[in-house]
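Here is a short report on how two chains meet and how each one is built. Keep the sequence and the model in view while reading.

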Amino acid sequence: MSVPALTNLPVRIDDLIAAVSDPEHGGIATFLGTTRREADRRAFRAIEYSAYGPLAQTEMAAIAAEAHRQFGAVVCIQHRIGHVAVGEASVGIAASAPHRAAAFAACRYAIDELKVRVPIWKRAHFADGTTAWFDEHRTTQPAHDSPGT
Amino acid sequence: MRAYDRIVPDPVTVTVLVFASLRDRLGADECVVRAPHGAALNGVWPLLPEQIRRADAPPGVRYAVNDVWAPAETPLANGDRIAIVVPVSGG
């Protein structure tokens, strides 16, 4: 089945699993990134995600293709756009492979690459009504905790 | 045409897409910029509207041209749709 890379609907992990299921594969690894209630000692109401749509979709497809080349895995990635309430999934990944090690590795590869490459941004909506974008340059030691994955 | 008219080529006009906090600063998704002939992607920042360029370009900015990643040294072409991609924070 076809799963859109970007969606303003809840992430349905069953859809991602269905997209990568393969009778030749013996393992499916999944990952859901969910929004946390608090980061940097500040409470959130929600996280708002926005994307550079065309390039985000291209980059997510490229990551899936790289995971296939490196691990022999079939990978499906979906990211939420718009407001995501605390506790809901902002990103979902399913990776299937002939064996579990490759499935886990591909899933890990996909989320790690997504977080540094895919043009998607989050804006925190704090409990006190203020907002802040997380789009600053980060060094190896983040200046602030992120409320997402 | 006078001889010296040939010395300075026409400027190019590009559309610049911005995202996240830059979009808030601009108050719009995009703007149109006229750049001198030969300018590159990394020369666009000083040409942006004042409300964006009042701060330095954030470290780690990447660029895209017509929805494809492009090196910062890529020359601008008339009609390009360029994107200034600030550090990402998805996930």
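## The salt bridge between the chains

Across the interface of chain B and chain A, the rule finds one salt bridge. Its partners are A:R123 and B:D24. Their closest N and O atoms are 2.8 Å apart. This is a predicted model, so the values here are computed from predicted coordinates.

Side chains of opposite charge can pair when their charged atoms come close. The structure holds 11 salt bridges over all chains. One of them joins A:E59 to A:R117, with the closest N and O atoms 2.9 Å apart. A:E59 lies in helix α2 (residues 53-71) of chain A and A:R117 in helix α3 (residues 100-117) of chain A, so this pair ties together parts that are 58 residues apart in sequence.

## The wider interface

How many residues does each chain bring to the contact? Chain B gives 21 residues and chain A gives 27 residues. The area buried between them is about 1,900 Å². Carbon and sulfur atoms give 55% of that area. On the side of chain B, B:V88, B:S89 and B:G91 lose the most area to chain A. Together they make up 32% of what that side buries.

Polar contacts cross the interface too. The count between chain B and chain A is 15 residue pairs. Four elements of chain B give two or more residues each to the side that touches chain A: α1 (20-26), β3 (62-65), β4 (68-70) and β5 (81-85). The largest share, four residues, comes from α1(B). By class, this side of chain B has 13 nonpolar, five polar and three charged residues.

## The sheet of chain B

Chain B has an open sheet of five strands. Their order is β2-β1-β5-β3-β4, and the pairing is mixed. Which strands stand at the edges? They are β2 (30-35) and β4 of chain B. Each has a single partner strand, so one side of each is left without a neighbour in the sheet. From one strand to the next, the twist averages 35 degrees.

Look now at β3(B) and β4(B). These strands pair in the antiparallel sense over three bridges. Here B:V65 stands opposite B:V68 in β4(B).

## The sheet and helices of chain A

In chain A, four strands form an open sheet in the order β1-β5-β7-β2. Its pairing is mixed. The edge strands are β1 (6-7) and β2 (27-34) of chain A, each pairing on one side only. Strand β5 (residues 74-80) of chain A pairs with strand β7 (residues 89-97) of chain A in the antiparallel sense, over six bridges. In that pairing, A:V74 stands opposite A:S96 in β7(A).

Two helices pack on this sheet. Helix α1 (residues 13-20) of chain A touches β2, β5 and β7 of chain A. The direction of α1 makes about 25 degrees with that of β7(A). Helix α2(A) touches β1 and β5 of chain A. Its direction makes about 155 degrees with that of β5(A).

Strands β8 (residues 120-126) and β9 (residues 131-134) of chain A pair in the antiparallel sense over four bridges. The bridge partner of A:H125 in β9(A) is A:T131.

Note on methods
Residues numbered from 1 in each chain as written. Chains lettered and ligands numbered in written order. Predicted model: local features only at pLDDT ≥ 70, side-chain atom pairs only at ≥ 80, totals over all residues. Heavy atoms only, no water. Contact = heavy atoms within 4.5 Å. Buried area = accessible area lost by both parts, 1.4 Å probe. Salt bridge = Lys/Arg side-chain N within 4 Å of Asp/Glu carboxyl O. Polar contact = N/O pair within 3.5 Å; in protein donor to acceptor, adjacent residues only side chain to side chain. Nonpolar A, V, L, I, M, F, W, Y, C, P; charged D, E, K, R; others polar. Pairing = 2+ DSSP bridges. Axes fitted to C-alpha atoms, helices over the stretch in contact; angles between N-to-C directions.
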